[in-house]
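Here is a short report on one protein chain. Look over the sequence and the structure first.

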Amino acid sequence: MAQREGPTILQRRFGAELRRMREATGMSASAAAEALSTDRTTISNIESGRFGISEARLRRFAAIYACDNPALVDALATMTGGRKKGWWDEYRGKIPPEFLDVSELEGFAERMRTVQTAHLPALFQTEEYARALFNLLDPPLSRLEVELRVAHRLARQTRIAVDAVPYVGVIHEAALRMQVGGRKAARRQIGQLLDGSEWDSVTLLVIPFSAGEFPMMGESVLYVEGKGGQLDTAHMGSPAGAIFIDVPESLAVVRSGMDADERVALSAVESRDLIRSIHQEL
């Protein structure tokens, strides 16, 4: 069993779920190792995502842990048998790992939700808009680093534009009105967002200035719903780096905040009208 170097977000999540299964039974890692005819170090490596296991072994783990959630076990089973290469792997070692983790989560998604209050959703950004954002970073990125990140961001958009994964995005009016990259670039960006709002799989909701305060002000959140309604994960942007949330209680708090924001926002039709109005003003 080869040890992985730098397990991905889904590999870590797989191991974390096995650890939760074990802990729910009150079984120690040593006791689990004995029951599974292995050693404590192997259990630790599996639970940290450094070792992968087969579907058959996963189901043996679940049986020993008396897991009463077959949907969760089935969802985890889709993550066994060796990790298939994703399109994002071509960027490995070229851009920060957290960017690849986000791509992997989106590739696994059954449904996605976002809240954006300062900038527009990455899944709808134009090349000009994305490049302008990356050029704002301090310390500055090299031209190559910027172009790699832009290319990666555009490639992520196939999940919405081609695969039609259901998506709900909440955007604050401030993000719509900021002319990132200049007026002409902003007009093209709003036009692309307006086109996306017409897609059957997409729902865009705008929180207008008139709404005042709202629960997740200042946050940038991606919520990914996993296979079969299991294995949800939230990603939150932070100046210190990405934060990934998979603890059920914490996910419930994030969902509650996002639900509240959707209630504050305009309807999909009203939101589209406001986006169109801003586009016409530019």
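## Overall form

This is a predicted model. The secondary structure of the protein chain comprises 13 helices and six strands. Along the principal axes, the C-alpha trace spans about 70 × 40 × 30 Å. A compact globule of 282 residues would have a radius of gyration near 19 Å; the protein chain has 21 Å, so the two agree.

Of the 282 residues, 49% are buried. The accessible surface is about 13,500 Å², and carbon and sulfur atoms supply 51% of that surface. Among contacts with a separation of 6 or more, 74% join residues 24 or more positions apart.

## Strand pairing

With β1, β4 pairs in the antiparallel sense over six bridges. Val115 stands opposite Val221 of β4.

With β5, β4 also pairs in the antiparallel sense, over four bridges. Here Tyr223 has Ala234, in β5, as its bridge partner.

## Two nonpolar cores

The largest nonpolar core has 55 residues. Which of them touch the most other members? They are Met112 and Leu176. Beyond its neighbours within four places in sequence, Leu176 is in contact with Leu120, Ile171, Ile190, Leu193, Val206, Ile275 and Ile278.

A second core is separate and holds 16 residues. Val115 and Val221 are among its members, and these two valines stand opposite each other in the strand pairing. The second core also includes Ile245 and Leu251.

## Helix α12

Helix α12 covers residues 248–264. At 1.5 Å a residue, its 17 residues should span 24 Å; the end C-alpha atoms lie 25 Å apart, so the span agrees with expectation.

Which residues of α12 are buried? They are Leu251, Val254, Gly257, Met258, Ala260 and Asp261. An α-helix has 3.6 residues a turn, so residues three or four places apart point the same way. The spacing can be followed along α12 from Leu251 to Val254, and on to Gly257 and Met258.

Terms used:
Residues are numbered from 1 along each chain as its sequence is written. This is a predicted model: local features need pLDDT of at least 70, side-chain atom pairs count only at pLDDT 80 or more; totals for chains, interfaces and linings use all residues. Side-chain values use heavy atoms; hydrogens and water are left out. The expected span of a helix is 1.5 Å times one less than its number of residues. Buried means under 20% relative accessible area, exposed over 50%, partly exposed in between (1.4 Å probe, protein chains only). A nonpolar core is a set of buried Ala, Val, Leu, Ile, Met, Phe, Trp, Tyr and Cys residues joined through side-chain atoms within 4.5 Å. Contact means heavy atoms within 4.5 Å. Two strands pair if DSSP finds at least two bridges between them. The radius of gyration is taken over C-alpha atoms; the globule rule is 2.2 Å times the number of residues to the power 0.38. Accessible areas come from the Shrake-Rupley method with a 1.4 Å probe; for residues, only the protein chains shown count as cover.
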